[in-house]
Amino acid sequence: MTAKKCTFSRRRFLQGAAAAGAAAMLPCSLLVPGKAEAAVFSEGDYQTFRNACPRNCYDTCSIKTYVRDGVVRFIEGAPESTFTDGGLCVKGYAYTRRPYSPDRVKYPMVQDGRRSGKWRRVSWDEALDMIAKKMLKLKEEDGSLLGLGMTKYSGNFGITNYGVEGMMSSLGYTTRFVGTPCWPAGIDAQNYDMGNMWCNDPEDMVKAKYVIVWGANPAWCSVHSMKYIMEAKRRGAKVVVVDPVFTQTAAKGDVYWQPKTASDGALALGMARHILDKGLVDEDFVRNYGLGFDEFADYLRNNVTVEWAAEQSGIPVKDIMEVAEEFATADPATIWIGYGMQRHTNGGASVRSIDALVAMTGNVGKEGGGARYGHLQTWGFNYHALIQKQPEGSKGFVGGAAKGEFDFTSGSGASYTDRTVNINKTAQAILDTTDPDIRMLWVSCKNPFAQDFDRPKLEKAFDKLEMVVTVDQFFNETVANSDIVLPVTTLFEEWTVNVSYWHYWLSVNEQAIKPMFETKSNIEIAAALSKKMNELAPGSCTFPQEIDTKEWMEKEFNQSIYDMFAINDWTDLRNGPAKARLKSSAAWSDHKFATPSGKYEFKSELCAQNGHKALPEFKAGRERYDKFRLLTPHTKFGLHSQFVNLDWMHEYDKEPYIYMHPKAAAEKGIGDLDMVRVFNKVGEQKARVKLTDNVAEDCLLMYEAWFGRGNAYNVQNLVDDESADMGAFKAGAPGVAIHDQFANVERA
Amino acid sequence: MKKQYAFLVDTERCIGCFTCAMACRNYYHQVEGVVWRQVYPLSEEIYPHRERAFLSLACNHCENPACLNVCPVEAYTKREEDGVVVHHQEKCIGCGNCIRSCPYGAPKYNPVEKRAEKCSLCHERLDAGLNPACVQACPTDALQLIDLAEFERTNEVQYPAGYPRMEELNPSTRFVLPKTPKMVRR
Ligand code: SF4
Ligand code: SF4
Ligand code: SF4
């Protein structure tokens, strides 16, 4: 790998540093001061801090922050991390603007009438008083706090932010929205096959001789992974990209396959059949480390042909055969299984088919190989903020609560539990849940109106709630549908710690600047609420009433983290991020799988017990209910609803578009850049159209984003809450078939 | 040949991610509407798929800069030691001559300062032995800093399609052209 080395000598650097006296940089004005030359840049003019991007991205970049006079001047990628490699992404570099954004929520505010926009500033004390009194009222009227719901997901994965869940437990047993809209079908699939979701170190992709990127778009969603794919290619690997959309990643591959959406399972099984026929199966792997391969082979022989796969997918027979053979004979070969391809009613089954394809060629457990999906190997924190005790005498739900994929607590022995409802059916859950009703909702690290499905229904559901409290940085649509908004800190204003579900680096997040305005971190909010609750009703909340966020961050570390990352103490991370020491860069390198049999299970009885097929059999996709397939993937300028709203981002991304094939547009009399209306049974959304053959003729594509500043664009006006096949086993609730959506379009 | 620093834009590697552009903004905090580095998608006549190949462009630090030649108050200098074309904003009277005469649209009008400004190849970083902010940020090494005096030519071009051919100015940026994959579509 070419490290990003500067081409200039160190001697010159030192000369420059010695000469530097004046300010190196004057943002916003007179960019080149003095008579002739700008002063030389000198790191010594700044205080530097360590931060990390907590926003649910593969890359979870390690950030180095330059502060002067208490203001973040600029940031860069931590040079110590070989993954981040000194750079961030377009979103990351916009962070410098975030704490100072004029659109930020600055103070606690109360809205007189939801969606009225009539906000008035209140003090923290007033806001918490209203909230605490409502909570106490619920408890008194319902006999429990199950009427209090909490919805939180991936807006901030800094470990201390699990204090939101901790705060809820401190109050009693509450109602939790569990599951994940993101990746649960694939998590379950990998758990059935291998006993866990565990991927190779992405940095070892450089060793691959063959790379299939299947339903992932790292050029937009994991930019730092692209250098490994490019390096593998430079070393001679062939890169095949499989995606219904000709993505930016596809444009960088050797071969692009555009199969019919949701036909991935058929395609993988067709390749598997051809590999079987050609005798290219890794017999050593399937005999010694696999379970049920013979049954799988029988299934393939009896039910699958390459011709059938070609018909299902639209990829010609000869291409399927060619890539299958090349994949099976390259050593090592790897498949990156994206989260996009499992957001279907057959997504889990499709992931299992792809896993099987990688396993039968002996590439699972191999460096440079692997069925790469994600991992939680480095998430072994104490979850001190999360694990809190209910107050004495709390009443709750009788029966077990489902847990989310990031819940690492061991089972509780209490007779009561929280009540769990499906996060992917948020609107329906609020409408349907009774005894007691969900009457009050706490939203943090999440923007349900931008991310939860069936937005029109969600509005109805929120209208049923008696009080909505949202903790956020910006006045988004969820805030508009709330009664109280509490301002929360950005990464620069709080202490926490971050790891990735993709790479193996650990970063500390330091408080680089004092919290702006009246912002508080999630755990500080929990402490303040606890104080208020105990003032009003002593003993009603067990969360500590005074906390030091740095101390709480420290409490998340333990010896096994130190051992894994070869550090003596968390303070070592102030010198730069650390990487986990791995026996091998390959997941499952010892071929000891975490399945019931300890083998790779081509046939999983557990999977069958949970209502699916034991073998990775083909499962048909969702029935089409409207003219076009509607895809709503991520944009490169944002992460879900975050970042796109920043004015800095608007400089490069001014408005949303709908992408459509020119032929389909011609039939409807739609021209490039026309304003169109996309509509289906859920709702409608207007935007201008861009004509492009990057999408198939029967497809409409709209990127999810929240633009802020009066732009009402929202793809969730068109996405219903149909479930994916898997997800309940490990994530608490099935995933959602985000890409199994259909719609029609006309000129607006 | 004298030392001449230049950007190498490898469009085969460039993923159009706009990281370089935002890294520049992160470093200099340009006022609203002022963009020093922009990432331009190539039109479909040049690359057959919309918004899938890009040119990342800032000032080209030309050998014979139009901006410098038209400036009435000598607010521009071309650095002897490395060919970087620097705009000295404190001297600028905001006449707009440079903005009108640069065929690459590099100098921009700053409505707050009422003066021009542009990329100066982060010369204060160069002098400290660092890469320009945009180059350091590029996740695929598609944007690189080269010295034309020492640069060994392979497959680069000076005037790719879509980029104005200005031989008089002799812009220093060099490009590697993008490729298309084999397409298997239904
Ligand atoms: S690109 Fe324009 S601004 Fe830059 S040196 Fe050339 S003429 Fe001057
Ligand atoms: S060299 Fe510096 S000023 Fe020029 S575009 Fe790059 S980051 Fe911006
Ligand atoms: S950062 Fe690099 S890859 Fe991204 S747009 Fe700029 S030049 Fe291209």
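A charge sits over a ring if NZ of Lys or CZ of Arg is within 6 Å of the ring centre and within 35 degrees of the ring normal. The charged end of A:K227 meets that rule: it sits over the ring of A:F83, 5.3 Å from the ring centre. In chain B, B:R37 lies over the face of B:F7, at 4.4 Å from the ring centre.

This is a predicted model, in which local features need pLDDT of at least 70, side-chain atom pairs count only at pLDDT 80 or more, and totals for chains, interfaces and linings use all residues. Residues are numbered from 1 along each chain as its sequence is written, chains are lettered from A and ligands numbered from 1 in the order in which they are written, and side-chain values use heavy atoms, with hydrogens and water left out.

## Chain A as a whole

Chain A has 25 helices and 29 strands. Helices (H or I, at least four residues) and strands (E, at least two) are DSSP runs, numbered from the N terminus. Along its principal axes, the C-alpha trace of chain A spans about 75 × 70 × 60 Å.

Of the 748 residues of chain A, 66% count as buried. Buried means under 20% relative accessible area, exposed over 50%, and partly exposed in between (1.4 Å probe, protein chains only). Contact means heavy atoms within 4.5 Å. Among the contacts in chain A with a separation of 6 or more, 74% come from residues 24 or more positions apart.

A residue is near a molecule or strand if one of its heavy atoms lies within 4 Å of it. For the classes, Ala, Val, Leu, Ile, Met, Phe, Trp, Tyr, Cys and Pro count as nonpolar, Asp, Glu, Lys and Arg as charged, and the others, Gly among them, as polar.

| Ligand | Nonpolar | Polar | Charged |
|---|---|---|---|
| Ligand 1 | eleven residues | two residues | one residue |
| Ligand 3 | ten residues | four residues | no residues |

Ligand 1 is surrounded by 14 residues, and the closest are B:C59, B:N60, B:C62, B:C67 and B:C102. Ligand 3 is surrounded by 14 residues too, with B:C14, B:I15, B:C17, B:C20 and B:C138 the closest.

The shell of ligand 2 includes B:F7, B:R37, B:W36 and B:C122. B:F7 and B:R37 are the ring and the charge that pair in chain B. Helices α1 and α5 (133-137) of chain B each supply at least two residues of the ligand 2 shell.

B:C122 has another feature. Its phi is near 45°, a positive value in a residue other than glycine. B:C122 lies in the loop between β7 (115-117) and α4 (123-126) of chain B. It is buried, with a relative accessible area of 7%.

## Aromatic pairs

The whole structure holds 60 aromatic pairs over all chains. Rings of Phe, Tyr and Trp (its six-membered ring) pair if their centres lie within 6.5 Å; planes under 30 degrees apart count as stacked, over 60 as edge-to-face and the rest as tilted.

A:F74 and B:Y27 are edge-to-face, because their ring centres are 4.6 Å apart and their planes stand at 70°. This pair joins two chains, because A:F74 lies in strand β3 (residues 71-77) of chain A and B:Y27 in helix α1 (residues 19-28) of chain B. A:F74 is buried at 1% relative accessible area. B:Y27 is buried at 1% as well.

A:Y659 and A:Y703 are edge-to-face too, with centres 5.5 Å apart and planes at 65°. They link distant parts of the chain, 44 residues apart: A:Y659 is in strand β25 (residues 657-660), and A:Y703 is in the loop between β28 (699-702) and α25 (728-731). A:Y659 is buried at 12%, and A:Y703 is buried at 13%.

One aromatic cluster includes A:W198, A:F285, A:W588 and A:F602.

## Backbone exceptions

Most residues other than glycine have a negative phi, and most peptide bonds are trans. A:D85 has a positive phi of about 55°, although it is not a glycine. A:D85 is in the loop between β3 and α2 (90-93) of chain A, and it is buried at 17%.

A cis peptide bond joins A:D331 and A:P332, with omega about 0°. A:P332 is in the loop between α13 (317-329) and β12 (333-337). A cis peptide bond also joins A:D435 and A:P436, with omega about -5°. A:P436 is in the loop between α15 (426-432) and β17 (440-444).
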